[in-house]
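Please look over the structure below before reading the notes.

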Amino acid sequence: MLFNSIDFLVFLPIVLLVYYIVPHRLRQIWLLAASYFFYMCWNAKYVVLLLFSTIVTYLSGIILERLKASSKPTSFVEKSKKLVVAICFTLNLGILFLFKYLNFATNLLSQVMSRFGISLYMPAVDILLPVGISFYTFQALGYTVDVYRNEIYAEKNFFRYALFVSFFPQLVAGPIERSKNLLKQLYKPSEPDFNRFVKGIYYILWGFFLKIVLADRIAIFVDTVYSDYENYAGCYLIVATVLFAIQIYCDFGGYSLIAVGSAEMLGISLVRNFDAPYFSVSVADFWRRWHISLTSWFRDYLYIPLGGGKRGKARKYLNKMIVFLVSGLWHGAALSFVAWGGINGLYQVIGEILTPIKEKVTSALRINREGIGYKLLCMMATFALIDFSWIFFRAPSLRSSIEIIANICKVHNMWVLFDGSLYDCGLNQKNFNLMLVCIVILLLADFAKYRGKSLIKELLAQDGWFQIAVMVLSILGIILFGIWGGEYNETQFIYFQF
Amino acid sequence: MKHNSYISNSRFIMITRRTVAVVVTMALVIVGGYIIQEVTRAKSSEVKDLSRSTYFTDPEQYDVIFLGTSHALYGISPFDIWNECRITSYNWGSPASTIPSDYWKLVNILDYQKPGLVVLDCYNVSMTYKTMSEYRIHEAFDSFPLSYHKCLAIKDLMQGQRRKDDDLIYSKEEQVNILFPISAYHSRWDRLTEEDFDYQLIDTKGAGLLAGVAEPIEMSATSAKAKLATDSYGIQYLRKIIEKCQEDSIPILLVYIPFPVTEEWKMEANMVYDIAEEYELEYIDFTNLDVVDFKTDCFDPNSHLNLFGQEKVSRYIGRYIIEHYDIQSYSSDTNTGKKWDDLYEEYSVYRRELIGEMN
């Protein structure tokens, strides 16, 4: 079930109520049952894959722990541990490959072979992608590596471990949790805490605002333009691409916040996934603020094992490119996603190469690198670079991405920004203006976060009556302005249609 | 002891304050949500009053209830009936309604009153779908407050059911949209007008008035007794309506409002004779009567009567009801009589304006 659905709005209160009523020893069992129920609402039969991943990584943790404690020779233990991790990774990534990448791989192979004149017929396998598989697979594999590295002890309680893998707030769309954070919290179920409860509600409300008021509203405009990019060329595409940057942030960020808020209401703190990413002053900074749980996962479980930055600059750049290409592939089984990842990798590499030159130039020109002007310029440049890469993420294919870029460059129609043409792209003037107002609200909130201020913390410190007013107005605002329910259409109410 | 008592007092105060805060928040959200729903709800569509507010102010005043599709909605005027025979009635016709919808309208109406007579237009009795579309269900049920019978209606009409418009099964969200109209209407925030905040109703007792004259299509004749042979949802729910009325001791009159019929519709009208005979009910098949003149009384070529045709049909039905059913006529010196006479004056002015616009 989606977070922005009636089902979830009924599901969450029931889960919370039962969680705080049942005895402590049953709480985790209840959460586990609720999490599996949550997952089965998407597609019941794929729960087998979730269970398989859970069992494999649970057993790998147990075996690794036993190997550590064994009295066998160190070399044997090390080789065995590596073998266990390799088998675990192979099995889990194998399933991920089968369900997510098989058709992509066979198509790609077929296309490559055809360039050499070899015709290869690879029938497409009709498999529905299990929802959340990329997320829970990475989370479970992260646990295995943590045990391998002796960063944590293996979890002996299967049910507690299963809950760690399947914890419903973050099961289908992250944040990807670390065993050191989430598993530790599952040891001691917390007592009801009213303030945490309220904090959770604030996170959820902000998440719904981002998702259904802003992201889904922007999507109407972006979908209109991107689905007909030949006719909506030039400035239409520029505006749509800029808005897409905000849409994807709000969509993903909103969803993450609802996950964080739901967990908070259960007394569990999840990792924050976004930290005012569009206030980044460089691409490297952006990737420290965007989808933090995934970026840090790749850093700890791919970049560092590849050697990180410890084997010379060339190897460092290569490792970064590998990480970003894999990250692109993780996001979607298509060349456009790989291109998106690759572009971001290139940005990082080029950014690092140019850093000394940048420092020399700014020094020579006596530019204050801590000044607002310089930072603003860096933020805008970073946004432009990131936004360019979003074209590859949003476009339906790699070829479309190139065509869209061409359509942006070859058509000059700046007047559409001023003559009301933008109101013909799915959003009427009022909705367009509302969208702009909401974007300003988002920017102000993120600016506060950038400056280290937590608006939710500030809110929690206010008087009760004020908090009640904020909460009531937020809920009513989301109800009134959110994109949900049926779209009212006068033409459907024409009396003589039957 | 004092310290413990102080702590437990403080704790009690804290719990009380928090409970009050939660209750106040929820209450404000519910009230606010209700206000949003009422403001954004479409009060009228084209020429009809979607809110049906005049019905709910005093349901007991209506002795006769009309049910049916837009044929009934635009074919029967309670005020023309009042003018003819001074009986009170309310028109619950709605566009593209179906007999199953009409069954559930009746069940919900019975939560508010027990009418002296139910008149059901049997157009669409041959339909094999329970409903046309989500919007038609909105038009039929939005005016009913949320209630047990409204939930049952939505469950029966939509859960697992296909709609005629596109043959798709209703989703859960669409069902929720009907139960909570705010889900469909909240997006009207960008189209609100003065009418949404200060709805000035022309009281037509639920009826719609169509001002216009159209050339009718050519009607094809068919043998008098030929009928569609289907065990449709229409027939099933027609039986349910009749049996419900019998259970509640409410007389029911079946009608087929006139319109330029083709052979298929004539055969549909003929289907009702068997049911009427089976249950020993009166049935006015207007397709066999010369009550209207389609050259002057059609609003559109093939379906709806204009207000001239509406007046003729209404007077006929009014006289029929007085002759065959025990329905009270109100004299002008009764409260009801005075109230309806005043309302009829307003209605007449509105009707004359519509005719004036036609000319």
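A residue is called buried when its relative accessible area is under 20%, exposed when it is over 50%, and partly exposed in between (1.4 Å probe, protein chains only). By that scale B:R163 is buried, at 9% relative accessibility. This is a predicted model, in which local features need pLDDT of at least 70 and side-chain atom pairs count only at pLDDT 80 or more, while totals for chains, interfaces and linings use all residues. Residues are numbered from 1 along each chain as its sequence is written, chains are lettered from A and ligands numbered from 1 in the order in which they are written, and side-chain values use heavy atoms, with hydrogens and water left out.

**Helices**

- Helices (H or I, at least four residues) and strands (E, at least two) are DSSP runs, numbered from the N terminus.
- In chain B, helix α5 (residues 99-109) has 11 of its 11 residues buried, so it is largely enclosed by the rest of the structure.
- The cover over the buried residues of α5(B) includes α2 (53-57), β3 (64-67) and α11 (233-247) of chain B.
- Helix α18 (residues 464-481) of chain A has 18 residues and should span 26 Å at 1.5 Å a residue; its end C-alpha atoms are 25 Å apart, which agrees. The expected span is 1.5 Å times one less than the number of residues.
- Among the buried residues of α18(A) are A:Q467, A:M471 and A:L480.

**Nonpolar cores**

- A nonpolar core is a set of buried Ala, Val, Leu, Ile, Met, Phe, Trp, Tyr and Cys residues joined through side-chain atoms within 4.5 Å.
- The largest such core has 149 residues, and A:F221 and A:W390 have the most contacts inside it.
- Helix α9 (residues 235-265) of chain A gives the most to this core, with 20 residues.
- A second, separate core of 61 residues includes B:L106 and B:W340.

**Salt bridges**

- A salt bridge is a side-chain nitrogen of Lys or Arg within 4 Å of a carboxyl oxygen of Asp or Glu.
- A:D7 lies in helix α1 (residues 6-21) of chain A and B:K172 in helix α8 (residues 172-179) of chain B, so the pair joins two chains.
- B:E174 and B:R163 also meet in a salt bridge (3.0 Å, N to O). B:E174 is in helix α8 of chain B and B:R163 in the loop between α7 and α8, so the pair ties together parts 11 residues apart in sequence.

Terms used: Contact = heavy atoms within 4.5 Å.
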